[in-house]
Amino acid sequence: MEIVVLVKQVPDTESLIQIAGDGVSIKTEDLKWVMNPYDEFAVEEALRIREAQGGTVTILSMGPAKTVETIRTALAMGADKGVHINDPAAEGSDPLATAKILAAALKDIPFDLIIAGMRAVDGDNYQVAPAVAEFLGIPQITQVIKEEISGDTIRCHQVVEGGTAVIEAKLPVLFTAQRGLNEPRYASLPGIMKAKKKPLDVKTLADLGVDAGTAGTANRKVKIKALNPPPARKAITMIQGDDPVAQASELVKKLHEEAKIL
Amino acid sequence: MAQGIFVITEQREGTFRKVSFEALSEGRRLADAKNVPLVAVLCGSGLEALAGDLEKYGPDLILVADDPALAEYTTDAFTNVIAEAVKAQDPELIIIGASITGKDLSARLAARLDAGLAMDCVGVRLDGGDFVFTRPMYGGKVVADVTIDGTPKIAALRPNVMTITEAPRSAAVEKLAVQVGDVKTTVVERKLEATDKVELTEADIIVSGGRGTAGDFSVLEDLANTLGGAVGASRTAVDEGWRPHSDQVGQTGKVVSPNLYVACGISGAIQHLAGMSTSKVIVAINKDPEAPIFSKADYGIVGDLFKVVPAVTEEVKKLK
Ligand SMILES: Cc1cc2nc3c(=O)[nH]c(=O)nc-3n(C[C@H](O)[C@H](O)[C@H](O)COP(=O)(O)OP(=O)(O)OC[C@H]3O[C@@H](n4cnc5c(N)ncnc54)[C@H](O)[C@@H]3O)c2cc1C
Ligand SMILES: Nc1ncnc2c1ncn2[C@@H]1O[C@H](COP(=O)(O)O)[C@@H](O)[C@H]1O
């Protein structure tokens, strides 16, 4: 089984996100960068499938030079090789452009299965993976919490509102990982040592035959005009006292008369 | 020139998702402001009686794709049918509710149409004739104003944010010639939980619990039932096995925007706040006066949730 995992490096979820002076980007200097949490599930699932069936797990990631750390993390978890698309011209690409570049890279990587995160926790776009599937002409199954492969068929349990849907398709398929799929392993020390020797290809847009004029911040279709802090809440009203019944009564009164939601 | 607004509605077995009405209401408002037609798109099987439900929210035209092959949502069939309708009518803007299905569909459709997509919007406004979409990023730590080049533009709206406004008119209904095309996935089965359970992302009221519940959610369930709301959870409560993953609110869980969010025994970690900070009113009940949740709440009670929550339930009952 040839498995490709799409992995993105994102700011740690603990990060304080600050708006940069230009008003349309964030300050990146002090951020800690990690693998997108949903992509950890994707890597873990790929490793489990390979452990059961044999094959190769390839990590594909686009991002600046430091992205290599995240690819190495995936290799240390046990993936076999990495492909890093690193080109300044691609920086700031919107989800559609990103997906076109990833799809171009996938023309040169054999795959039966592509696994991605259901969303990246930076842009929260939920978009790159389905777009990659579209550009490759293969089916997508999003928000998967369980999968079973038998022969050339994959059966996925997809989260839907109020339950799950069981969806089947013939490989090749792209599915996206939702929390609940598995518990990702940590990279072991021997894993980290081995990762250093695993193959990691670096590609530019030119290598992939992608026109730089379709990528990067300047060529976004979705243009960020302004970033703003979330709307401020008014100061909290603390319900004083230490008698739960009196506090409850005061709270319900406030929710009824002041906030008018009960 | 591309003109008009499409709203892709979502229904299952004859019941529309609430977000479809939110999307239609938003579409009506924008169509009025731009003086362009509002078109509702309805896909499924056996839909004769359903177009009437949409008229209440004011579409000028309802396009109906009614075919047994559309009985269950599949990405391929719905994308194929809707993309054809879009090509034929050439709308400027397509609005979709960002439910799980809506996210799946809007992303595929955007790629098919080579259209810019603003996912999970919490606002759409017009600025000199141009659409400006507001959407949280980085788990809501910042909010972006974005515009989209070219047409069609696609906006997926976060459920429970836009107001539903009735604006009844009699709409023309047109049947679409359905060509489902190549469909590569099969829905084998749908396992739905009890249907009376309110879906977290659509709930008006959520009572959420964390480690402070020590695994006992009964007092929270009582309050949620009394309020007609749903129960949510922090990741800790899910990791401990006290609640299913589907109850988790936060950056690696659901993003919710209820009218009222009651956080009980939840400290207010940044990843939890990412999932609930757009709630309209937030109440925090926590025994630690220093808990960070108090810095994000509208009303706070310092106390033991096992004493405070039942007392709140009693007070709510009195109100009714
Ligand atoms: C990558 C990543 C993603 C994450 N995603 C999420 C996510 O999606 N959602 C999420 O919630 N978390 C998420 N987390 C975890 C998050 O960082 C916190 O660990 C978690 O939210 C804490 O849960 P909690 O508030 O229930 O527990 P705690 O932080 O332990 O807080 C428990 C609170 O209960 C109070 N308490 C205790 N007993 C009582 C009582 N009897 N009455 C009243 N109050 C009481 C305590 O004072 C305390 O404030 C994520 C973490 C990481 C690293
Ligand atoms: N730059 C990238 N390189 C590799 N994979 C990516 C990249 N951006 C997004 N992805 C994949 O697409 C998923 C969804 O991302 P998004 O659409 O940005 O929310 C991520 O979880 C990754 O699996």
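A: Domain bounds come from an automatic or database domain assignment. The model here is predicted.

Q: Which domains does the assignment give for chain B?

A: Two stretches are listed. Domain 1 of chain B covers 5–175, and domain 2 of chain B covers 200–319. Taken over C-alpha atoms, the centres of domain 1 of chain B and domain 2 of chain B are 31 Å apart. Domain 1 of chain B brings nine residues to the contact, and domain 2 of chain B brings twelve residues.

Q: What area is buried between domain 1 of chain B and domain 2 of chain B, and what part do carbon and sulfur atoms give?

A: Buried area is what two parts lose on being put together, summed over both. Between domain 1 of chain B and domain 2 of chain B, that is about 940 Å². Carbon and sulfur atoms give 42% of this area.

Q: How many salt bridges does the rule find across the interface of domain 1 of chain B and domain 2 of chain B?

A: The rule asks for a side-chain nitrogen of Lys or Arg within 4 Å of a carboxyl oxygen of Asp or Glu. Two salt bridges are found across this domain interface. B:Lys18 pairs with B:Asp204 in a salt bridge, with the closest N and O atoms 3.2 Å apart. By class, the side of domain 1 of chain B that touches domain 2 of chain B has four charged, three nonpolar and two polar residues.

Q: How many residue pairs are in polar contact between domain 1 of chain B and domain 2 of chain B?

A: The count is seven residue pairs, both residues at pLDDT 80 or more.

Q: Now the chain interface. How many residues of chain B are in contact with chain A?

A: On the chain B side, 84 residues are in contact with 81 residues of chain A. The two chains bury about 7100 Å² between them, and carbon and sulfur atoms give 56% of that.

Q: What is the count of salt bridges between chain B and chain A?

A: Seven salt bridges are counted between the chains. B:Asp298 forms a salt bridge with A:Arg233, where the closest N and O atoms lie 2.8 Å apart. Polar contacts between chain B and chain A come to 46 residue pairs, both at pLDDT 80 or more.

Q: Last, cysteines. Is B:Cys121 buried or exposed?

A: Buried means under 20% relative accessible area. B:Cys121 has 0%, so B:Cys121 is buried. B:Cys264 also has 0%, so B:Cys264 is buried. Over all chains, the disulfide count is zero.

Terms used: Residues numbered from 1 in each chain as written. Chains lettered and ligands numbered in written order. Predicted model: local features only at pLDDT ≥ 70, side-chain atom pairs only at ≥ 80, totals over all residues. Heavy atoms only, no water. Contact = heavy atoms within 4.5 Å. Buried area = accessible area lost by both parts, 1.4 Å probe. Polar contact = N/O pair within 3.5 Å; in protein donor to acceptor, adjacent residues only side chain to side chain. Nonpolar A, V, L, I, M, F, W, Y, C, P; charged D, E, K, R; others polar. Disulfide = S-S within 2.5 Å. Buried < 20%, exposed > 50% of the residue type's maximum accessible area, 1.4 Å probe, protein only.
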